[in-house]
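Hello,

Here is the structure I promised to hand over. Please open it first, then read my notes below.

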Amino acid sequence: MAFINENYLKLPGSYLFAEIARRVNAFKEVNPSADVIRLGIGDVTLPLPQVSIEAMHKAVDEMAVKETFRGYGPEQGYDFLIEAIREANYTSRGLKVDSDEIFVSDGSKSDCANIQEIFGLDNVVAIPDPVYPVYLDTNVMAGRTGELGADGHFAGVSYLPCTAESGFAPSMPEGHVDMIYLCSPNNPTGTTLSREQLEAWVAYARKEKAVILYDSAYAAYITEDNVPRSIYEIEGAREVAIEFRSFSKTAGFTGTRCGYTVVPKELMAYTKNGEARDLRSLWNRRHTTKFNGTPYIIQRGAAAIYTKEGQAQIKELVGYYMENARIIREGLTSAGLTCFGGVNAPYIWLQTPNNMPSWDFFNKLLSEANIVGTPGAGFGSCGEGYFRLTAFGDRENTLRAVERFKNLKL
Ligand code: MLT
């Protein structure tokens with residue numbers, strides 16, 4: 001008899017975006033002619049940058065010739081991509097990150113999900129609420145939590161409420177925690193953590209010997225100069241933080257898949273006997289054992305964004321989505337809604353009208369305006385009363401969605 005991992009049974013329903021897709025499909029079945037505008041999952045709509053397309057075409061041609069064909073590559077990524085990442089995002093910004101601290105992958109969703117494997121099951125996990133659901137769900141799957149309570153919280157997790165009063169910055173844990181997930185620019189609230197706030201988190205982690213798992217997948221969307229792009233801008237962060245970055249939103253790679261994780265050599269965690277072990281070696285062991293590397297063709301496409309031309313093209317791409325964000329934020333505000341985010345992130349986080357429960361608002365918006373968004377409650381119980389819209393739609397649909405909002409009876 002094979003036994004299942006019963007931790008999976010603790011999870012309610014389906015993964016958030018799978019549930020939304022299911023509801024939208026059910027709606028479409030009953031209303032086949034409905035002109036549905038999708039501002040739910042944060043999936044990009046513009047094509048890949050031309051530099052990436054050209055680099056990938058060239059790489060395909062290389063694969064067709066015996067002399068330039070590539071089989072397995074280094075699991076951690078090819079040097080040409082690692083060095084380009086290192087120079088553009090760290091060295092040129094005065095930040096120390098070594099080549100062997102960068103691990104290229106098939107995207108930061110997988111890395112954020114897999115990273116918990118190198119940590120002990122007894123660690124107390126601190127998770128902002130609301131938050132990208134992958135952090136919590138994967139810790140539940142691993143057995144790092146108890147059961148789900150009536151309050152929508154899993155036993156044993158230290159939830160860090162993010163409220164409008166604090167600009168949606170997670171509050172500090174009440175007691176000791178071992179692993180801390182932070183996401184800035186934030187999914188779903190679209191807000192960012194300031195230098196001072198990050199300094200406080202790094203200080204906490206150093207004091208508690210905790211590890212910060214810092215998801216910075218939306219760093220390319222930061223428009224304000226004083227907002228940190230990387231946690232390594234904070235002194236001491238190399239001793240306590242792992243950073244996740246992605247090409248998905250930066251360069252339209254949601255379907256192409258490429259991301260990377262930085263694990264500094266100074267970063268330690270401990271055996272039960274109190275012996276310090278470096279997490280980079282553990283992650284290297286996991287990565288090389290379970291992953292055979294991002295395809296060469298994809299890595300060539302990713303590396304191309306670091307050329308001068310590539311940088312100009314992704315600036316344009318990000319600028320397009322951020323103009324959508326402005327259109328949504330200003331349009332909805334003028335329609336009387338209270339909106340957050342959308343300045344340093346491609347997400348607008350709005351308060352549901354009349355305190356409507358967020359799944360009710362989802363149904364109302366879908367049935368009355370044929371717009372798909374993401375209910376705040378799907379990101380955690382503190383997300384109740386809020387709703388997320390993505391700026392990744394195309395311009396025409398974004399404008400049409402805002403018009404529909406203005407005509408919606410709130
Ligand atoms: C989202 O909509 O939150 C994101 O697209 C999900 C992801 O990046 O995996």
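**Notes on the model**

N355 sits in the loop between β12 and α11. Keep in mind that this is a predicted model. The phi of N355 is near 55°, a positive value in a residue other than glycine. N355 is exposed, with a relative accessible area of 69%.

F168 also has a positive phi, near 65°, and is not a glycine. Its loop runs between β4 (158-161) and β5. Is F168 buried or exposed? F168 is buried, because its relative accessible area is 3% and the cut-off for buried is under 20%.

Most residues other than glycine have a negative phi, and most peptide bonds are trans. That brings me to two peptide bonds. The bond from D129 to P130 is cis, with omega near 5°. P130 is in the loop between β3 (125-129) and α5 (133-142). S184 and P185 are joined by a cis peptide bond too, with omega about -5°. P185 belongs to the loop between β5 (179-183) and α6 (195-208).

Next, the ligand. Which residues surround the ligand? They are F17, I41, G42, K109, Y132, N187, Y218, K249, Y347 and R388. By class, this shell has five nonpolar, two polar and three charged residues. Domain 1 (14-43 + 309-407) and domain 2 (54-306) each give at least three residues to the shell.

Three side chains place a polar atom by a ligand oxygen:

- Y132, at 2.5 Å
- K249, at 3.0 Å
- R388, at 2.7 Å

On its own, the ligand has 270 Å² of accessible area, and the protein covers 86% of that.

Now the core. The largest nonpolar core has 46 residues. L332, L350, L365, L389 and F405 have the most contacts inside it. Which element gives the largest share of this core? That is α10, with eight residues. Other elements that give two or more residues include α1 (16-30), β12 (347-351), α11 (358-369) and α12 (395-407). This core draws at least three residues from each of domain 1 and domain 2. In soluble globular proteins, nonpolar side chains tend to be buried together.

One last residue. S281 lies in helix α8 (residues 279-290). S281 is partly exposed, at 34% relative accessible area. C258 is 23 residues from S281 in sequence, and their C-alpha atoms are 22 Å apart in space.

Best wishes

Notes:
Residues are numbered from 1 along each chain as its sequence is written. This is a predicted model: local features need pLDDT of at least 70, side-chain atom pairs count only at pLDDT 80 or more; totals for chains, interfaces and linings use all residues. Side-chain values use heavy atoms; hydrogens and water are left out. A residue is near a molecule or strand if one of its heavy atoms lies within 4 Å of it. A polar contact is a pair of N or O atoms within 3.5 Å; within protein, one must be able to donate a hydrogen and the other to accept it, and residues adjacent in sequence count only if both atoms are side-chain atoms. Accessible areas come from the Shrake-Rupley method with a 1.4 Å probe; for residues, only the protein chains shown count as cover. Ala, Val, Leu, Ile, Met, Phe, Trp, Tyr, Cys and Pro count as nonpolar, Asp, Glu, Lys and Arg as charged, and the others, Gly among them, as polar. Domain bounds come from an automatic or database domain assignment. A nonpolar core is a set of buried Ala, Val, Leu, Ile, Met, Phe, Trp, Tyr and Cys residues joined through side-chain atoms within 4.5 Å. Buried means under 20% relative accessible area, exposed over 50%, partly exposed in between (1.4 Å probe, protein chains only). Helices (H or I, at least four residues) and strands (E, at least two) are DSSP runs, numbered from the N terminus.
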